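I opened the structure and kept short notes on what I looked up. The entries follow in the order I made them.

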Amino acid sequence: MNIGILCGGGDCPGLNAVIRGAVKALDRTDIRIFGFFNGYRGLMEGDYTILDRNAVRGILPKGGTILKTTNRDNPFHYPLKRNGEIVFEDVSDELIDKANELGIDCFIVIGGDGTMAITHELAEKGLRVVGVPKTIDNDLSATDRTFGFETAVNTATDAIDKLHTTAESHHRVMVLEVMGRDAGFIALYSGIAGGADVILIPEIAFTIENVLKKIERRKQRGSAFSIVVVAEGAKIDGEKVTTGENEGNIINPEKLGGIGNAVALALAEQGDLETRCTVLGHLQRGGSPAPFDRILATRYGVAAAEAVLRGENDALVCLRNNDIETVPIIDSIKVLKSVDPAGELVAAAKAVNISFGDE
Ligand code: F6P
């Protein structure tokens, strides 16, 4: 049996732990494991390595991915150089031919919503696939948790802890912009864990006026500083803030970023406050995975290997009520998971006086 493994989309702490888990669970004499570099591009270009126990030794605590990844090379909209110019073409048939030429029986594809949408379409065209849910944003509806989220929350919480001491010394309002394209889970979890005063997320509309009221209330109670955590996908005056286009990415065409500075500027101007903004950016995606993510990623890798051996197809491994299960990939892409504004977590945050800028 020949099995391919590849990563798609942005990287995330725990990718190597998934690869290691799958390879160790599949390392038998009758199985050959192909590790494709740079997502589906590796399959298109025949760029792969053969993976075995030795190839995955020592990678468990390492961030990033030994197979590299990309969020550009969508086989249904694939960049090709023609007469010195980049054009985009559907190369999905060619891709499936390449998989057949190599005799790959099934692929383990580690990715987020974009990669899973592509992978499901490829499965419908005949490629055998098992998916593993990855994203620091934790916004895949089919699973209780994606790996990488816990590590990102740890990084963001550490940043909030550090911002607290400097904010307090200078009587400043510190704004921390964290990732979260469509969902505010990183902002919500790290904001609660770090004791933020305000959390702004895409799921809850906020006004600068309400944020200023919260900061003023704190002042009256003797706290002359405040910490505001804002998810990159939160909307100011009903609009997301972007820094440009994600060239060649038809699934997430806009590059988010800038909401932190926009909020800091609006608070400074409208509230006559001294504000500073920190954009945490890709620090949240880097570094060694937290123990929770190493364990979850290992479980996902092993479960994906077992699903392949059981003959499952177009399926995604997921965590539900702390059990690992499989669901159809389509379930993970139909609806994005988002923070429930009326849910218990938001209510708990409000109960400890965190404002969401909505009242
Ligand atoms: O989807 C995960 C994510 O971290 C988003 O929160 C963010 O918008 C995006 O990736 C950024 O990706 P990149 O800068 O690698 O294109």
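**Entry 1: arginine 172**

Between which helix and which strand does the loop with arginine 172 lie? I found arginine 172 in the loop that joins helix H5 (149-170) to strand S8 (173-178). I note here that the model is a predicted one.

I then listed its contacts, leaving aside neighbours within four places in sequence. Arginine 172 touches Ala167, Ala224, Phe225, Ser226, Glu274 and Arg276.

**Entry 2: the whole protein**

I stepped back to the whole chain. I read off 11 helices and 15 strands for the protein. Along the principal axes, the C-alpha atoms fill a box of roughly 70 × 50 × 35 Å.

I also checked the radius of gyration. A compact globule of 359 residues would have a value near 21 Å, and the protein has 22 Å, so the two agree.

How much of the protein counts as buried? I noted 54% of the 359 residues. For contacts, I took those between residues at least 6 apart in sequence. Of these contacts, 72% join residues at least 24 apart.

**Entry 3: helices H1 and H9**

I looked up how helix H1 (residues 15-26) packs with helix H9 (residues 291-310). Their axes are 7 Å apart, and the angle is about 40 degrees. H1 and H9 are therefore oblique to each other. I recorded their crossing as right-handed.

Which residues make the contact? On the H1 side I listed Ala17, Val18, Arg20, Gly21, Ala22, Ala25 and Leu26. On the H9 side I listed Arg294, Ala297, Thr298, Gly301, Val302, Ala305 and Leu309. Sorted by class, the contact of H1 with H9 has nine nonpolar, three polar and two charged residues.

**Entry 4: helices H7 and H8**

I turned to helix H7 (residues 208-220) and helix H8 (residues 259-271). Their axes come within 10 Å and cross at roughly 70 degrees. That angle makes H7 roughly perpendicular to H8, because angles of 65 to 115 degrees count as roughly perpendicular. The crossing of H7 and H8 is right-handed.

From H7, I listed Ile208, Val211, Leu212 and Ile215 in the contact. They meet Val263, Ala266, Leu267, Gln270 and Gly271 in H8. By class, the contact of H7 with H8 has seven nonpolar, two polar and no charged residues.

Where does threonine 243 lie? I found threonine 243 in strand S11. Its relative accessibility is 54%, so threonine 243 counts as exposed; the cut-off for exposed is over 50%. Leaving aside neighbours within four places in sequence, I listed Lys255, Leu256 and Gly257 as contacts of threonine 243.

I then looked up asparagine 252, which lies in the loop between strand S11 (242-245) and strand S12 (254-256). With neighbours within four places in sequence set aside, asparagine 252 is in contact with Arg181 and Asn246. I also checked asparagine 252 against alanine 156, which is 96 residues apart from it along the chain. Their C-alpha atoms are separated by 23 Å.

Methods. Residues numbered from 1 in each chain as written. Predicted model: local features only at pLDDT ≥ 70, side-chain atom pairs only at ≥ 80, totals over all residues. Heavy atoms only, no water. Axes fitted to C-alpha atoms, helices over the stretch in contact; angles between N-to-C directions. Helix = DSSP H or I, 4+ residues; strand = E, 2+ residues; numbered from the N terminus. Parallel < 35°, antiparallel > 145°, perpendicular 65-115°, else oblique. Left-handed = near helix turned anticlockwise from the far one by under 90°. Contact = heavy atoms within 4.5 Å. Nonpolar A, V, L, I, M, F, W, Y, C, P; charged D, E, K, R; others polar. Rg over C-alpha atoms; globule rule 2.2 N^0.38 Å. Buried < 20%, exposed > 50% of the residue type's maximum accessible area, 1.4 Å probe, protein only.
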